[in-house]
Amino acid sequence: MPHYEASFEIDSKTDAYAAQRLLEQVYDTIREESRSVREGTEDADELLREFQTLRDAGKHRTPGRLTITYEQYDGNFEH
């Protein structure tokens, strides 16, 4: 299983703003896709809550690190 990871060090107000914008975009994208694919399912609500937590954390604009991990699974989609 291939594993990819990228980290972004947040050590300025500009970096914090960039991270905030990124997290807002990710949340909005997940929300829109969940509506069309998983709307009304329990896992969609949980997924959205998790990304909402990330988005809200980015609003604090403090130093830190944003890490994105992508693990690629073998196989195909079921649908």
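Author: A residue counts as buried under 20% relative accessible area, as exposed over 50%, and as partly exposed in between. Asp-56, at 29%, is therefore partly exposed. Keep in mind that this is a predicted model.

Start with Asp-56 and its partners. The side chain of Asp-56 meets that of Arg-55 in a salt bridge, at 3.0 Å from N to O. Asp-56 also forms a salt bridge with Lys-59. There the closest N and O atoms are 3.7 Å apart. The cut-off for such a pair is 4 Å. Arg-55 is buried, with a relative accessible area of 17%. Lys-59 is partly exposed, at 44%.

Lys-59 leads on to Gln-20. Setting aside neighbours within four places in sequence, Gln-20 is in contact with Gly-58, Lys-59 and Arg-61. With Arg-61 there is also a polar contact, side chain to side chain, at 2.6 Å. Gln-20 sits in helix H1, which covers residues 13–37. Its relative accessible area is 10%, so Gln-20 is buried.

Helix H1 also holds Asp-15. What is the nearest side chain of opposite charge to Asp-15? That side chain is Arg-65, 11 Å away. Beyond four places in sequence, Asp-15 touches Phe-8, Glu-9 and Ile-10.

Glu-9 is where Arg-65 finds a partner. The two side chains meet in a salt bridge, with N to O at 2.6 Å. Glu-9 lies in strand S1, residues 3–10, and Arg-65 in strand S2, residues 64–71. The pair therefore ties together parts that are 56 residues apart in sequence. Glu-9 is partly exposed, at 41% relative accessible area. Arg-65 is exposed, at 56%.

One further group remains. Asp-28, Arg-31 and Glu-32 are linked in a network of salt bridges. The count of salt bridges comes to five.

Asp-56 is partly exposed and pairs with Arg-55 and with Lys-59. Glu-9 is partly exposed and pairs with Arg-65.

Note on methods
Residues numbered from 1 in each chain as written. Predicted model: local features only at pLDDT ≥ 70, side-chain atom pairs only at ≥ 80, totals over all residues. Heavy atoms only, no water. Helix = DSSP H or I, 4+ residues; strand = E, 2+ residues; numbered from the N terminus. Buried < 20%, exposed > 50% of the residue type's maximum accessible area, 1.4 Å probe, protein only. Polar contact = N/O pair within 3.5 Å; in protein donor to acceptor, adjacent residues only side chain to side chain. Contact = heavy atoms within 4.5 Å. Lys, Arg positive; Asp, Glu negative; His and termini not counted.
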